[in-house]
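Take the points in order and look for each residue as it comes up.

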Amino acid sequence: GNESDLDLPEHSLALPAEVRPKAVAMISMFSLCREVDLKTLAFGLRHAEYNPRKHASITMRLFVKLCAKKVARLVQRAGYPDAKFFNYKVTGIFARVDFGFPVRLDALTMKWRRHAFYEPEFYSGCVFRTQTPRTTYLITASGKVMISGLRKTADVEPAARRIYPVLCEFQD
């Protein structure tokens with residue numbers, strides 16, 4: 001098969017010094033070791049977002065593990081004194097990187113058909129997926145990329161380094 005049939009090849013090409021990928025959001029979860037009424041809890045917490053039509057959980061935009069422990073304490077104060085902080089884990093990391101050059105998304109999509117989806121009538125960016133590691137890149141024509149599917153902050157730079165040579169080939 002040709003190169004577009006393969007997942008991204010490993011590259012030793014280093015990122016330029018001015019290209020600094022940055023983790024911008026972490027999704028985490030933990031157990032309270034008890035059932036809670038989400039609607040009641042959402043009204044008792046100031047920073048909570050609850051929309052049962054979207055998903056059966058409460059969203060709080062805070063900062064990682066320390067704040068997750070604080071959430072457990074807030075839940076205790078909101079009427080569930082036996083709630084615990086248990087089984088914490090990061091389930092996803094989102095990263096942003098600006099490669100500093102425009103990318104020809106149509107040409108990228110033609111070569112990497114199995115990985116790239118680009119329909120400018122629906123979304124202005126190209127959705128590029130890899131299987132190993134299982135990662136999704138949202139690539140804009142300006143060379144800005146959002147990376148999702150990461151599990152550790154240590155994965156951010158290797159993920160950016162992996163897509164960099166592919167984007168260089170379609171530099172506008």
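1. Let's start with a hairpin: β6 and β7 form one, with four residues between them. Strand β6 covers residues 126-130, and β7 covers residues 135-139. The two run antiparallel and are joined by five bridges. Helices here (H or I, at least four residues) and strands (E, at least two) are DSSP runs, numbered from the N terminus. Two strands count as paired if DSSP finds at least two bridges between them.

2. Before going further, a word on where this comes from. This is a predicted model, in which local features need pLDDT of at least 70 and side-chain atom pairs count only at pLDDT 80 or more, while totals for chains, interfaces and linings use all residues. Residues are numbered from 1 along each chain as its sequence is written, and side-chain values use heavy atoms, with hydrogens and water left out.

3. Stay with β6 for a moment. Which residue stands opposite Phe-128 in β7? It's Tyr-137. Phe-128 is also the bridge partner of Ala-116, as β5 (residues 116-117) pairs with β6 in the antiparallel sense over two bridges. Strand β6 is mostly covered, with four of its five residues buried. Buried means under 20% relative accessible area, exposed means over 50%, and partly exposed is in between (1.4 Å probe, protein chains only).

4. Now zoom out to the sheet. Six strands make an open sheet in the order β1-β4-β8-β7-β6-β5, with antiparallel pairing. The edge strands are β1 and β5, each pairing on one side only. Strand β1 (residues 22-31) is joined to β4 by eight bridges, and Met-26 stands opposite Ile-93 in β4. On to β8: β4 pairs with it over five bridges, antiparallel again, and Val-97 has Val-145 in β8 as its bridge partner. A handy bit of background is that side chains in a regular strand alternate between the two faces of the sheet.

5. Have a look at Ser-31, which is found in strand β1. Ser-31 counts as partly exposed because its relative accessibility is 27%. The C-alpha atoms of Ser-31 and Ala-83 are separated by 8.7 Å, although the two residues are 52 apart along the chain.

6. What about the largest nonpolar core? It has 28 residues, and those with the most contacts inside it are Phe-99, Leu-108, Phe-128, Ile-139, Ile-147 and Leu-167. At least two residues each come from β4, α3, β6, β7, β8 (144-150) and α4. Helix α4 gives the most, with seven residues. A nonpolar core here is a set of buried Ala, Val, Leu, Ile, Met, Phe, Trp, Tyr and Cys residues joined through side-chain atoms within 4.5 Å.

7. Next, the aromatic rings. The structure holds seven aromatic pairs. One of them is Phe-99 with Phe-101, tilted, at 6.5 Å centre to centre and 45 degrees between the planes. Another tilted pair is Phe-101 with Tyr-164, at 6.4 Å and 55 degrees. Elsewhere, ring pairs link Phe-30, Phe-85 and Tyr-88 into a cluster. Rings of Phe, Tyr and Trp (its six-membered ring) pair if their centres lie within 6.5 Å; planes under 30 degrees apart count as stacked, over 60 as edge-to-face and the rest as tilted.
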